[in-house]
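Hi everyone, thanks for making time this morning.

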Amino acid sequence: MATLSGVSMHLQFHQVRYFLALARTLNFTQAAKQCNVTQPALTKAVHKLEEELGGALIHRERRFTQLTELGKIILPTLERVFVAAEAVRHQARSYQKKAIARLKIGLAPSVSAALITELLLELARTIPELRFDLREANGDELVALLLDGEINAALVGEAVELPERIDHWSLFQERYMLVLSREHAMTRKTAIPIQDLRDVVFLERLGCDVVGRFMRECFVDHPGPKVVHTSDQERHLQQMASAGFGAILAPEHAPRLPSLAAIPIEGDPVRREVHLLAVAGRQYSPALDAFIKIVRTRDWTSALEKLRNASAPASNNDNIRNAGSQHGDSLFEPRIRTTRSEDLEARLSWQPHSVER
């Protein structure tokens with residue numbers, strides 16, 4: 001019998017698996033069906049787990065089932081423990097087969113690889129055999145690549161029309177910031193009023209609808225700011241902004257040059273939601289299975305805050321909020337080629353874990 005060992009406890013592997021299924025479904029019958037066991041067997045295993053942990057994990061009130069406070073607290077840890085235990089078993093099988101898998105992840109231009117580099121490093125420490133490719137394309141192109149099997153999963157913004165064949169999971173919401181040279185007078189403000197943006201020159205990334213949406217929603221009765229310079233490459237726009245050509249609207253998490261500052265706009269008028277995409281009904285490889293599970297269970301609030309703190313400028317001006325993370329990208333320099341417009345290859349590990357849909 002496979003077991004999981006804690007500091008002062010001895011958890012049965014199947015007990016954890018049954019509890020995770022119950023936490024997902026909040027239904028004993030459905031959880032038992034997913035685990036291919038009888039309901040009494042599942043109930044008994046969960047009770048044993050509660051005894052081991054010293055408190056109730058599930059609260060039943062007539063036909064309603066919910067996690068207790070202890071259940072909610074312990075759930076993320078048990079998720080990670082289960083993924084790790086499954087990875088050990090799969091690593092042994094993969095070693096025997098000498099299999100090298102490839103995981104292909106698509107990123108929309110406004111979704112930085114800094115969001116997932118920490119996750120990839122975590123996976124890389126476990127199994128080095130997996131090759132990892134990053135592809136950059138706009139949302140519609142990424143959907144087409146998913147359907148064609150050219151990529152396995154994608155992270156995109158919300159402005160994408162999704163066919164029924166695409167599964168999608170909301171990960172987090174974030175605001176857009178005004179990014180401009182640190183020499184600009186506006187960087188001395190804690191937040192920029194909408195009316196102060198009327199005379200700002202904007203730099204626009206081709207194929208991005210954010211600036212257009214911003215103009216429509218914030219300047220209904222006014223012509224609004226000018227969009228003068230454009231490029232299809234984020235790095236070119238940042239260089240132009242650094243030189244003083246204008247300002248960029250960028251998501252709060254996005255990495256940026258040290259010479260640039262990210263300032264909030266009063267009222268946060270432009271926000272977006274980031275989604276994880278995969279093809280519905282298509283059999284997941286163990287690598288894709290693990291990637292989807294770890295992305296979906298991540299504490300994105302803490303992750304985004306960590307990115308912001310890591311990129312805070314080394315000065316006394318606490319009013320400037322840096323949206324990027326040069327540190328997040330630099331973690332992969334020894335192992336990954338950092339060319340966003342090309343396939344990005346690296347040897348990574350993977351953890352198999354079933355993903356409910």
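The second largest pocket is lined by 15 residues, and those nearest its centre are Arg80, Ile294, Thr297, Arg298 and Asp299. This is a predicted model, in which local features need pLDDT of at least 70 and side-chain atom pairs count only at pLDDT 80 or more, while totals for chains, interfaces and linings use all residues. Residues are numbered from 1 along each chain as its sequence is written, and side-chain values use heavy atoms, with hydrogens and water left out.

A quick word on terms. On a 1 Å grid over the protein atoms alone, a pocket is an open set of points with protein on both sides within 12 Å along at least five of seven lines, whereas a cavity is a set where a 1.4 Å probe fits but cannot get out; lining residues have an atom within 4 Å of a point. Grid points are joined across faces, edges and corners, and a volume is the space filled by probe spheres set on the points.

So, how much space lies in the second largest pocket? About 290 Å³. Helix H4 (69-97), helix H5 (117-124) and helix H10 (300-310) are the elements that give two or more residues to its lining; helices here are DSSP runs of H or I with at least four residues, strands are runs of E with at least two, and both are numbered from the N terminus. H4 provides the largest share of the lining, five residues. By class, that lining has eight charged, five nonpolar and two polar residues. For those classes, Ala, Val, Leu, Ile, Met, Phe, Trp, Tyr, Cys and Pro count as nonpolar, Asp, Glu, Lys and Arg as charged, and the others, Gly among them, as polar.

Let's stay with H5 for a moment. Six of its eight residues are buried, so this helix is mostly covered; buried means under 20% relative accessible area, exposed means over 50%, and partly exposed is in between, with a 1.4 Å probe and protein chains only. The buried residues of H5 are Thr117, Leu119, Leu120, Leu121, Leu123 and Ala124.

Pro109 counts as partly exposed, at 25% relative accessibility. Leaving aside neighbours within four places in sequence, Pro109 is in contact (heavy atoms within 4.5 Å) with Glu136, Ala137, Asn138 and Arg205. Its C-alpha atom is separated by 9.4 Å from that of Gly157, 48 residues apart along the chain.

Beyond neighbours within four places in sequence, the contacts of Arg205 include Ser231, Gln233, Glu234 and Leu237.

Now to the cavity. Searching the whole structure finds one cavity of 30 Å³ or more, and about 50 Å³ of space lies in the largest cavity. Of the 10 residues that line the largest cavity, Val179, Ala250, Ala254, Pro255 and Arg256 are the closest to its centre. Helix H8 (234-242) and strand S11 (248-251) are the elements giving two or more residues to that lining, and S11 gives the most, with three. The lining of the largest cavity has seven nonpolar, one polar and two charged residues.

Finally, two backbone details. Most residues other than glycine have a negative phi. Asn36, in the loop between helix H2 (28-35) and helix H3 (39-53), has a positive phi near 60°, and counts as exposed at 70% relative accessibility. Asp268 has a positive phi near 45°; this aspartate is in the loop between strand S12 (260-263) and strand S13 (271-279), and is partly exposed, with a relative accessible area of 24%.
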